[in-house]
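Please keep the model in view while reading.

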Amino acid sequence: LPRGSWSPFATLASGLEVGGVAVRAHARLPPGTDAAALSAVSYALRFPSGFEWALGGTLPGVFLDSGLRLSLGWRAAGCGHVSFTSPRGGDAGAVTRLGTWHWVPDRWHFVVISRSAAVPSGADRRFAVYVDEQPVAVVDPPQSGPLIGAVVASPPEPLGLLLTLFFGGATDEWATPRDTHVEVGGFTCWKT
């Protein structure tokens with residue numbers, strides 16, 4: 001993450017060196033495997049010793065093709081958070097930050113994001129987030145508003161990996177104050 005970079009799209013638009021990544025991907029599965037059966041993503045991450053948190057940043061999460069996104073992040077002093085974005089209902093595009101904990105530099109953290117099993121009520125859209133085996137958030141997407149009924153009635157959607165890692169907002173005040181990195185790996189997609 002080069003000094004002075006923030007959101008890859010905003011940095012690029014400013015003509016500066018892009019730092020970080022923002023990619024969506026579905027797991028490559030063996031033939032005959034139902035992609036909608038995937039119900040959890042896990043990974044490990046470590047901030048280096050002396051990491052300068054600045055105003056915050058974004059870490060990997062999950063997405064559904066309907067536009068629902070859930071990711072983790074950090075804010076000043078290493079305060080952790082969960083961001084949930086829903087494109088549907090009265091809160092279209094709204095981001096809700098849930099959970100509070102702190103990322104500790106120079107320590108590996110283990111993250112699990114799981115989706116509840118599919119049930120007719122639409123609870124397959126409920127997510128639980130764990131950091132270091134501790135529950136930090138449960139997210140229930142809205143069940144009312146335009147198009148929500150259609151989403152709930154549909155079969156479960158494939159769970160995708162939202163591979164994001166960058167310092168975070170739309171303006172350069174979010175930029176990293178120096179060249180740095182965050183180690184992220186061990187990505188696993190699985191059925192609970």
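The following paragraphs treat the nonpolar core, then the salt bridges, and finally one serine. The structure is a predicted model.

**The nonpolar core**

The largest nonpolar core contains 31 residues, and those touching the most other members are Phe47, Leu59, Leu70, Leu72, Trp74 and Trp103. Several strands supply at least two residues each to this core, including strand S2 (40-46), strand S3 (56-63), strand S4 (69-75) and strand S10 (160-167).

**Salt bridges**

A search of the whole structure finds three salt bridges. The table lists them with their distances.

| Salt bridge | Distance (N to O) |
|---|---|
| Arg46 and Glu183 | 2.8 Å |
| Glu52 and Arg178 | 3.0 Å |
| Asp132 and Arg107 | 2.9 Å |

Asp132, in the loop between S8 and S9, and Arg107, in the loop between strand S6 (94-102) and S7, lie 25 residues apart and link distant parts of the chain. Asp132 counts as partly exposed because its relative accessible area is 22%, and Arg107 is also partly exposed, at 37%.

**A buried serine**

Ser7 lies in the segment before helix H1 (8-13). Is Ser7 buried or exposed? Ser7 counts as buried because its relative accessibility is 11%, and buried means under 20%. Beyond residues up to four places away in sequence, Ser7 touches Phe166, Phe167 and Gly169.

Definitions and conventions. Residues are numbered from 1 along each chain as its sequence is written. This is a predicted model: local features need pLDDT of at least 70, side-chain atom pairs count only at pLDDT 80 or more; totals for chains, interfaces and linings use all residues. Side-chain values use heavy atoms; hydrogens and water are left out. Helices (H or I, at least four residues) and strands (E, at least two) are DSSP runs, numbered from the N terminus. Buried means under 20% relative accessible area, exposed over 50%, partly exposed in between (1.4 Å probe, protein chains only). Contact means heavy atoms within 4.5 Å. A nonpolar core is a set of buried Ala, Val, Leu, Ile, Met, Phe, Trp, Tyr and Cys residues joined through side-chain atoms within 4.5 Å. A salt bridge is a side-chain nitrogen of Lys or Arg within 4 Å of a carboxyl oxygen of Asp or Glu.
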